[in-house]
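Dear colleague,

I am handing over the structure below for your records. My findings follow it, and I would be grateful if you would read them with the structure open.

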Amino acid sequence: MKNSSRRGFMGMAFGAVAGVGAVASLYAMKKSWDPLPSVKAAGFTTLDMSIYEENVLVTEKWRGKPIFVLKMSNAMVEKAKAKQSDMDRLIKVGDAYYAVSIGLCTHLGCIPGYNASTEEFLCACHGGMYDVAGDVIKAPPPRGFDIPPFKVDGMNLVLGETSEAYDKMKTNGTTL
Ligand code: FES
C-alpha cells in the first residue's frame, strides 16, 4: 500500500470511529434528558390536601408545570358562592374547598403572583388578573386558569387521573 493511500485509509478509519463515538455520546445525552420510564408512565402526582393553610398559596409541580393550590377559608367560600363560575372551579376534599389550577397565565403563559390581602392573582406580563378561584377578572387572558385532571382519593388529590368531577369541569367549560 502506498503511503498516501495508507494515510487515506487511516483517515477514514479514524473518521468512522469518531462518528460512532459522536452518535454514542448523543444517544447517552438524550437518554439523560428524557424522563425516567417510571415517571413518564405514571405522570401523576399525589397531594396530601390536609397540609395546606387557608389563603396561603402553595405552588406544587405536575408534569413540569406549576400547580397553584389554594385552600379556601369559610369567608372565601361564602364569597365564591355568589359567583357560580367560581364555585364550579373549586374542589372539595374532606370538609374544605380548594382552588387547584395550572399556574400559567392563559394569555401567554407567564406565572402570575398571588396577593393574599386582595385575594387576587396578577400577571405582571400584561396586567391580566384572576380572582381567588382562578377565574379571569381582567383581560387580556381569554379564560381562567386551566385545571389539571384530578381525582379525589380520601384526603389526597391525585393529579393526572380523571374523575367525574373533573369531566364535569371540562363539559361545562370551566377548563379546557
Ligand atoms: Fe399574562 Fe399576558 S401573559 S397577561
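Please note that this is a predicted model. I begin with its largest nonpolar core, which has 27 residues. Those with the most contacts inside this core are L90, I91, Y98, A99, V100 and L157. Two or more residues each come from β3, α3 (74-81), β4, β5 and β11 (156-159). Strand β5 provides the largest share, five residues.

Two strands pair with β5. Strand β3 (residues 65-71) runs antiparallel to β5, and five bridges join them. Within this arrangement, I102 of β5 stands opposite I67. Strand β4 (residues 91-93) also pairs with β5 in the antiparallel sense, here over three bridges. In that pairing, A96 in β5 is the bridge partner of V93.

Strands β4 and β5 form a hairpin with two residues between the strands. There, G94 takes a positive phi near 65°.

Finally, I draw your attention to L90, one of the core residues with the most contacts. Leaving aside residues up to four places away in sequence, L90 touches M72, A80, Y97, Y98, A99 and A133. Among these partners, Y98 and A99 are also listed with the most contacts inside the core.

Yours sincerely

Terms used. Residues are numbered from 1 along each chain as its sequence is written. This is a predicted model: local features need pLDDT of at least 70, side-chain atom pairs count only at pLDDT 80 or more; totals for chains, interfaces and linings use all residues. Two strands pair if DSSP finds at least two bridges between them. Helices (H or I, at least four residues) and strands (E, at least two) are DSSP runs, numbered from the N terminus. A nonpolar core is a set of buried Ala, Val, Leu, Ile, Met, Phe, Trp, Tyr and Cys residues joined through C-beta atoms within 7 Å. A residue is buried if 20 or more other C-beta atoms lie within 10 Å of its own, exposed if 12 or fewer, and partly exposed in between; C-beta atoms are placed from the backbone. Two residues are in contact if their C-beta atoms, placed from the backbone, lie within 7 Å.
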